[in-house]
Amino acid sequence: MRVNGPIQLFPLLRVAACMALGIFLGYEMRGAMPEWVWIGLLVISLSCTMVSRKHDVLQGVLICFTLLFLGGTLAVRQSRQLERPLPEDAITYRAVVATQPQERGKVVRMDLWLLEGDDAPRKVKASLLKDTLVKRYQQLNVGDGIIATSRMQKPENYYKSHFNYPLYLRCHGFTATTFILPDEWRKASLSLESLSHLDRTILAAMRFRQATLRRYLTLGLDNEEMAVAVAMAMGDKTRLTNDLRDIYSISGASHVLALSGLHLGIIYVLLSLVLGVRRRGALREMVVILGIWCYAIFTGLSPSVTRAAIMITIYAAVGLLRRDRMSLNALALTALIMMVCNPLCLYDVGFQMSFMAVFAILVCYKPVSRLVPTEFLQRHRVVKWVWALVVVSCCAQLGTAPLTAYYFGRFSVYFLLTNFVVVPLATIVLYLTAAMLVAALVPSLLPWVAKALAFVVTLQTAMARWVSGLPGASVEGIDINRLQLFLVYVVITALGYVAWHFLRTKNR
């Protein structure tokens with residue numbers, strides 16, 4: 001079948017782009033264009049699309065506008081639901097602790113799900129002032145119910161930062177923050193019937209994760225080793241110190257601490273090995289995908305993990321149908337599913353970083369990898385592996401570096417050197433973590449696996465610390481606005497197109 005251009009091969013890419021643009025416009029213009037205006041435009045555009053079947057070009061344009069208006073409608077509706085007026089006075093409410101409480105100075109921080117109210121359950125970021133005498137806060141765990149009295153407040157943004165904290169909370173469904181005094185709360189046994197089945201499943205997974213973490217604490221790992229291992233295996237980064245975060249960030253290894261496609265890809269390979277690589281069929285793929293989603297829920301369903309889980313599910317389904325796995329279409333379909341379920345996830349930093357990294361790899365990997373002849377790579381397996389790692393690392397950095405500069409004001413210079421060392425070690429860490437689950441059945445083996453895990457984690461952190469200490473390890477103090485960020489991506493796209501056109505002409 002002949003197509004008019006490369007973009008015609010990826011129709012879902014255009015659909016996702018139109019939806020994303022609509023969500024962006026809907027949220028940015030939510031004060032100027034209320035929901036009924038977007039609904040009206042959506043109905044008009046959809047009606048015009050239905051009556052323009054004989055005009056392919058016109059119908060294609062109208063479909064794009066329909067998707068744009070649909071995205072705007074979804075964004076305005078979700079924004080309205082999350083920005084409802086808060087009570088001016090303190091209120092008494094019943095809530096369940098949704099995350100394991102973490103001590104931060106004089107307060108204990110946790111997420112609460114309110115179980116009553118007009119829009120219950122309402123997600124709230126809570127800070128509980130410690131009671132220094134009885135220390136009742138130490139009795140709180142994820143899944144516990146409390147009855148508390150406090151005042152709900154709108155989140156406040158950080159000073160001089162591109163990171164929009166109130167928007168970040170809205171992306172994750174939080175509607176308010178609150179500060180609870182020691183004598184204004186008590187534990188209580190509460191019914192969770194008002195929570196959705198998904199929320200109850202996530203809550204059960206968080207309890208299981210905390211129980212697993214307690215078992216990890218008995219293995220003799222020091223605080224630093226435990227913090228890195230738990231972040232990589234369970235997605236719990238609360239134990240990471242600011243110094244440790246800076247080491248991984250400056251060295252360009254932050255991505256190994258944030259659960260992503262790398263981690264789920266390893267889980268997919270492990271499950272495939274257990275079930276038999278050569279065995280094919282729907283039942284095997286269903287078991288593997290079920291395992292992937294169980295792990296995703298266990299780690300908290302972050303945007304990057306959700307993206308990877310959806311993409312793996314799509315890949316498995318396409319593979320069973322024996323169709324060509326159109327990677328950009330799979331990525332676009334994943335984005336569509338996530339944006340329909342949660343339109344404001346488009347503003348989540350993890351969502352943006354994850355999708356831009358994968359998008360850059362899918363678009364740039366093949367043309368860049370062909371700079372080295374395939375025949376040469378086939379004869380030299382080690383060179384092939386090194387070259388593949390170089391290309392993947394550079395492509396991912398190309399997609400995410402502007403976002404890193406925008407949000408964090410930093411560019412890691414030695415990211416390539418870091419990936420050569422940290423990525424293989426991160427893979428070993430995840431394999432050893434899985435081995436610990438198996439070794440739990442044989443208690444005599446568990447201490448040996450724990451020692452091996454501690455050694456690899458220590459080596460990984462030492463390498464990241466060494467890279468972060470090199471002269472000029474990172475460029476700091478980068479300050480660009482949203483328009484400049486957009487223009488940077490325009491320049492990258494233009495230069496990429498020129499390079500692709502040049503190489504294509506040269507190879508003819």
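Visitor: Which hand does the crossing of α2 and α3 have?
Guide: This is a predicted model. In it, α2 passes α3 in a left-handed crossing. A crossing gets that name if the near helix is turned anticlockwise from the far one by less than a right angle.

Visitor: What makes α2 roughly antiparallel to α3?
Guide: Helix α2 covers residues 35-50 and helix α3 residues 56-82. Their axes come within 8 Å and cross at roughly 155°. Angles over 145 degrees count as roughly antiparallel, so α2 and α3 take that label. By class, their contact has 13 nonpolar, six polar and three charged residues.

Visitor: Why are α11 and α12 oblique to each other?
Guide: Helix α11 (residues 303-320) packs against helix α12 (residues 327-341) at about 125°, and their axes are 9 Å apart. The roughly perpendicular range stops at 115 degrees, and roughly antiparallel means over 145. The value for α11 and α12 lies between these limits, so they are oblique. Their crossing is right-handed.

Visitor: How do you know that E28 forms a salt bridge with R482?
Guide: Side chains of opposite charge can pair when their charged atoms come close. The rule asks for a side-chain nitrogen of Lys or Arg within 4 Å of a carboxyl oxygen of Asp or Glu. For E28 and R482 the closest N and O atoms are 3.2 Å apart, so the pair passes. E28 sits in helix α1 (residues 11-28) and R482 in helix α18 (residues 482-507). The two are 454 residues apart, so the bridge links distant parts of the chain. By this rule the count comes to seven salt bridges.

Visitor: How many cavities of 30 Å³ or more does the search find?
Guide: One, in a search of the whole structure. The largest cavity has a volume of about 30 Å³. A cavity is space where a 1.4 Å probe fits but cannot get out.

Visitor: Which residues line the largest cavity?
Guide: L417, T418, V421, V422, M463, A464, W466 and V467. The elements giving two or more residues to this lining are α16 (415-439) and α17 (446-468).

Visitor: What is the make-up of that lining by class?
Guide: The lining has seven nonpolar residues, one polar and no charged ones.

Methods
Residues are numbered from 1 along each chain as its sequence is written. This is a predicted model: local features need pLDDT of at least 70, side-chain atom pairs count only at pLDDT 80 or more; totals for chains, interfaces and linings use all residues. Side-chain values use heavy atoms; hydrogens and water are left out. Axes are lines fitted to C-alpha atoms, for helices over the stretch in contact, and angles run from 0 to 180 degrees between N-to-C directions. Helices (H or I, at least four residues) and strands (E, at least two) are DSSP runs, numbered from the N terminus. Angles under 35 degrees count as roughly parallel, over 145 as roughly antiparallel, 65 to 115 as roughly perpendicular and the rest as oblique. Ala, Val, Leu, Ile, Met, Phe, Trp, Tyr, Cys and Pro count as nonpolar, Asp, Glu, Lys and Arg as charged, and the others, Gly among them, as polar. On a 1 Å grid over the protein atoms alone, a cavity is a set of points where a 1.4 Å probe fits but cannot get out, and a pocket is an open set with protein on both sides within 12 Å along at least five of seven lines; lining residues have an atom within 4 Å of a point. Grid points are joined across faces, edges and corners, and a volume is the space filled by probe spheres set on the points.
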